[in-house]
Amino acid sequence: MALANKKSILPATEERRRFQRVKVHLLGRYMLPDRREFPCQIINMSPGGLALLAPGIGNVGDRVIAYLDHIGRVEGKITRIIDNGFAMTIAATARKRDKLAAQLTWLANRDILNLPEDRRHDRIIPRNPIAVLTLEDGSKMTCRIIDMSLSGAAIAAETRPPLRSLVMLGRVQARAVRNLEDGFAIEFVHQQMAETLEENVTAR
C-alpha cells in the first residue's frame, strides 16, 4: 500500500522539478518588490529555479531580482519559504536556460578540475564620479571613481588605504585589493545590483 502511494506521488514531483538541481555555494544580492536589498547564499540551483539563504524574506508570489557570482542577473518569483530563506523560479528563455545549464555544469566541475574563477564584470564610468570613502579607522575622504563594475571599482585618490583593509564606498562595503598608478582598486564584499550600484556608491 505504501509503495503504491509512493508511486502515485512521483509524477507530480517530477513535473514540479523539470530541471535537476545542483548543489552550489554562490554568493550574491537580491532585491524584493519594495526595493530592499539583501546579501544571499545560493544552496542549490537549476536552470528553472533556485533555493537561497537570506536575511530578508518576502512573500510567496513576490518578484525577485538577483545578481549572483559567476551567474549574473536572474529574476523570478518566490514559490515557497524555507528555513532562513526561500525558493524561487527563474524566468528565462530557452536560450538563457541552456546558458544557465552550461554555467551550472562548469560550477559543479570547477572544484574537481581546479578551474580558475572568473569574476569579471563589465566596467562602467558613473555619471557622478565623486564619492566619499570611509576608511577602516572611521576617517572619511573625497575620492573620484575611475570606473566600476558589479564587483569592484578603481579609485583615484591622494591617500591609499592599506591593502586588505575594509573601506566603505558610499554605502557599499569593500576591501582594498591593489594599488594603481593614481590610486587603488577595491573589491566589493558583496556583488552589487546594476539597478542601485551608482546610487549606493555615490551616497553621502
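Is Glu198 buried or exposed? I looked this up and found Glu198 buried, with a relative accessible area of 17%, where buried stands for under 20%, exposed for over 50% and partly exposed for what lies in between (1.4 Å probe, protein chains only).

The model is predicted, so to speak of a local feature I need pLDDT of at least 70, and side-chain atom pairs count only at pLDDT 80 or more, while totals for chains, interfaces and linings use all residues. Residues are numbered from 1 along each chain as its sequence is written, and side-chain values use heavy atoms, with hydrogens and water left out.

**Salt bridges.** I found 7 salt bridges in the structure, each being a side-chain nitrogen of Lys or Arg within 4 Å of a carboxyl oxygen of Asp or Glu. One of them joins Arg127 to Glu198, with the closest N and O atoms 3.9 Å apart. Arg127 sits in the loop between α2 (94–113) and β7 (130–134) and Glu198 in helix α3, so this pair ties together parts that are 71 residues apart in sequence; helices (H or I, at least four residues) and strands (E, at least two) are DSSP runs, numbered from the N terminus. Arg127 is exposed at a relative accessible area of 75%.

I next looked up Arg73 and Glu195, whose side chains meet in a salt bridge of 3.4 Å, N to O. The pair links distant parts of the chain, with Arg73 in strand β5 (residues 72–82) and Glu195 in the loop between β12 (183–188) and α3 (197–201), 122 residues apart. Arg73 is partly exposed at 33% relative accessibility, and Glu195 is partly exposed at 35%. Both belong to a network of salt bridges that links Arg63, Arg73, Glu75 and Glu195.

For Glu37 and Arg29 I noted a salt bridge of 3.2 Å, N to O; Glu37 counts as buried at 18% relative accessibility, and Arg29 is buried at 12%.

**Aromatic rings.** My search of the whole structure gave 2 aromatic pairs, which requires ring centres of Phe, Tyr and Trp (its six-membered ring) within 6.5 Å, with planes under 30 degrees apart called stacked, over 60 edge-to-face and the rest tilted. Tyr30 and Phe86 form an edge-to-face pair, 5.5 Å centre to centre with 80 degrees between the planes. This pair links distant parts of the chain, Tyr30 in strand β1 (residues 22–31) and Phe86 in strand β6 (residues 85–89), 56 residues apart. Tyr30 is buried at 0% relative accessible area, and Phe86 counts as buried at 0% relative accessibility. I also recorded that Tyr30, Phe38 and Phe86 form one aromatic cluster.
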